[in-house]
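Okay, thanks for coming, everyone. Have a look at the structure on the screen while I talk you through it.

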Amino acid sequence: MIHHDYIKSGVKPEIVTVRPYSELLSGVDYVKVVKFDGSMQDLSGSIKFAKEASRDVKVTQLHGKGFEFHHRHPSFQYDQWDRGGMLDKWDKLPLVIPRNKSLPPNVNAKPTIIFADHSQSSPFPHKEELAKLLIENFPSHQIVRLSSVQAPHLFDVLALMDAADLIVTVETAHLHMSKACSKPVIALVTDKPSRWHGSGWSSRFSMHCRYSDFPRRKDELIRTARSAIDKKTALFINDISTVGRNGYNLGMIRHGSEMIYIYRYHPEKSWKTRIAVISGTMMSDVKFPSEFDGYSFEDARLFHHKGKLMMAYVLSIESFGQFKSAAGYGMLVQRDGGWEIPQNILPVYRNNDFTGTVKNLCPFEHDGKIHFIWGNSGDEQVVIQVEAAKVSSEFKSEASKWDYGEIRGGSILIENDRMIRFFHSRTGEGLSGTHGSFQYHIGASIMELKPPFKTIAVSKYPIISGDERYVPGCFHWKPNCALPYGAVSEKGIYAVSFGVNDCMCKTMTLKESDFNL
């Protein structure tokens, strides 16, 4: 923020800091440090001191005796940037810190991984285990633990970071300083005493992992570290803009020569959503039969049946404080300049009658019949064949298992003599009223193109996992969500559409090797 202001105005901004910390910014030539003789907790005194010198005072400190700060955003960093009037610049501005180019002796003897392992205020309880994992998995690298490095000045370690292949850092000053480097960063961030006290997700991180999630994500951390060191190209992720603000859970299909996208969004600050279609230059909400006025329309998936464009979706309603849902489908047609489902069909199967919550049905066509992967029932995968609302056949096969939760929902691609399913799953534990520490994952499976549609291969680990990227102003933002709703392929290249954190629509481009089968 400060460097940005300096570049714009040409005037050095003044930073008020208590005297014991006044030397930290020595060598940073674009700021003027003003020393305050009071306590670090005396925020009211420091504000008064600053206002005696200037009318334009921005208070980004979020602790102080006698002050109660509201947590408006998911991380203290977002709140700091908000208080500085630059939340819209978060993750977009560089951190500029001058360098001391000298390195400690022998640090260039072999390739290096920097491990910033010590934090006074937020100690990482698994630091010894992580250090051992790094040593065991990267024998050709020296693992430099910054707790063992003696440097005259805090910023002197930037030269070490610049020379490293990878920076792994816990919740400490080095995590924030790493923004001044161009090297890949794995950030381990605290969730104590609350998740707000942890550093916010940034696009510069190769991985952003909560302390409490490390035990179940340590294998992922090592894979990520290896990919970062090998400079393996990340998946190509593309943003899809939506007319409905903060649209999410993007579906897509190739219909003739046209690509059609579909998503859900909140037209007002309510839990209810509508479904909208993007087709060329035409964008409009989907109109449903009038008997479903007042329902929420959610999580649409597009498919074909006898050449006709079809849509499967979820209908939800609130009844006496409880949310109920059922899964429906129908033909999606263009009419009067918009899109419409003339007839809603609810398969008559199990509790698909608004007595519970039915969702995550995955549609496909086989032998001219409509099928749905209904989900898992115990150790069995259930697929139903429908004729209108009637279930004409039921197929069961062994349910696939993997280490990242129950396989759910997704989208089907039919390719030659096989089906490719892109699905989601969930790990972690939720917190009351939110998704909390749940994390969603996207994987792929190969299924036989014949009843009972047995699964023959599943990703060994996720193609992509949810993260905590934040969307300011999106009231329905949820962290760690990544859920696929559509897929197309051409000449061995696969595009998968998905929703991110209930606020964004994205597509990713894959090769079959990216399925991690």
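I'll start with a few ground rules, then go through a sheet, a helix, some salt bridges and a surface patch.

So, ground rules. This is a predicted model, where local features need pLDDT of at least 70 and side-chain atom pairs count only at pLDDT 80 or more, while totals for chains, interfaces and linings use all residues. Residues are numbered from 1 along each chain as its sequence is written, and side-chain values use heavy atoms, with hydrogens and water left out. When I say helix or strand, I mean a DSSP run, at least four residues of H or I for a helix and at least two of E for a strand, numbered from the N terminus.

Let's begin with the sheet. Here 5 strands make an open sheet, in the order S4-S3-S5-S6-S7, with parallel pairing. Strand S4 (142-145) and strand S7 (205-210) are the edge strands, each pairing on one side only. On average, neighbouring strands in this sheet are turned by 15° against each other, ignoring direction; those angles are between N-to-C directions, on a scale from 0 to 180 degrees, using lines fitted to C-alpha atoms. And "pair" means that DSSP finds at least two bridges between two strands. In case you need a reminder, strands of a sheet pair through backbone hydrogen bonds, either parallel or antiparallel.

Now let's walk across it. Strand S3 (residues 112-116) is joined to strand S5 (residues 166-169) by 4 bridges, running parallel, and isoleucine 114 sits opposite isoleucine 167 in S5. Next, S5 and S6 run parallel and are joined by 3 bridges; valine 168 has isoleucine 186 of S6 as its bridge partner. Then S6 pairs with S7 in the parallel sense over 5 bridges, and there alanine 187 has histidine 208 in S7 as its bridge partner.

Which residues of S6 point one way, and which the other way? Val185, Ala187 and Val189 go one way, Ile186 and Leu188 go the other, and all are buried. Buried, by the way, is under 20% relative accessible area, exposed is over 50%, and partly exposed is in between, with a 1.4 Å probe and protein chains only.

Over to helix H7. H7 covers residues 214-229 and has a kink of about 30° centred on glutamate 220; the bend there is the angle between axes fitted to the seven residues ending at a residue and the seven starting there. Buried residues in H7 include Phe214, Glu220, Leu221 and Ile229. After H7 comes lysine 231, with a positive phi near 55°.

Next up, salt bridges. How many does a search of the whole structure find? The count is 27 salt bridges, each one a side-chain nitrogen of Lys or Arg within 4 Å of a carboxyl oxygen of Asp or Glu.

Here's one: glutamate 468 and arginine 195 meet through their side chains at 3.2 Å, N to O. Glutamate 468 is in the loop between strand S26 (464-465) and strand S27 (482-490), and arginine 195 is in the loop between S6 and S7, so this pair ties together parts 273 residues apart in sequence. Glutamate 468 is buried, with a relative accessible area of 9%, and arginine 195 also counts as buried, at 18%.

Another one joins glutamate 298 and arginine 264, at 3.6 Å, N to O. Glutamate 298 is in strand S13 (residues 296-305) and arginine 264 in strand S10 (residues 258-265), 34 residues apart, linking distant parts of the chain. Both of these residues are buried. The C-alpha atom of glutamate 298 is also separated by 6.5 Å from that of isoleucine 275, 23 residues away along the chain. Isoleucine 275 belongs to strand S11 (residues 274-279) and is buried, at 1% relative accessibility.

Aspartate 502 is buried at 10% relative accessible area, whereas lysine 478 is partly exposed at 25%.

Last, the surface. Tyr21, Leu24 and Met40 make a nonpolar patch of about 270 Å². Methionine 40 is in the loop between strand S2 (32-36) and helix H2 (43-51), and is partly exposed at 38% relative accessible area. Patch residues have over 30% relative accessible area and no salt bridge, with like charges joined within 9 Å and nonpolar side chains (Val, Leu, Ile, Met, Phe, Trp, Tyr) within 5 Å. The areas come from the Shrake-Rupley method with a 1.4 Å probe, and for residues only the protein chains shown count as cover.
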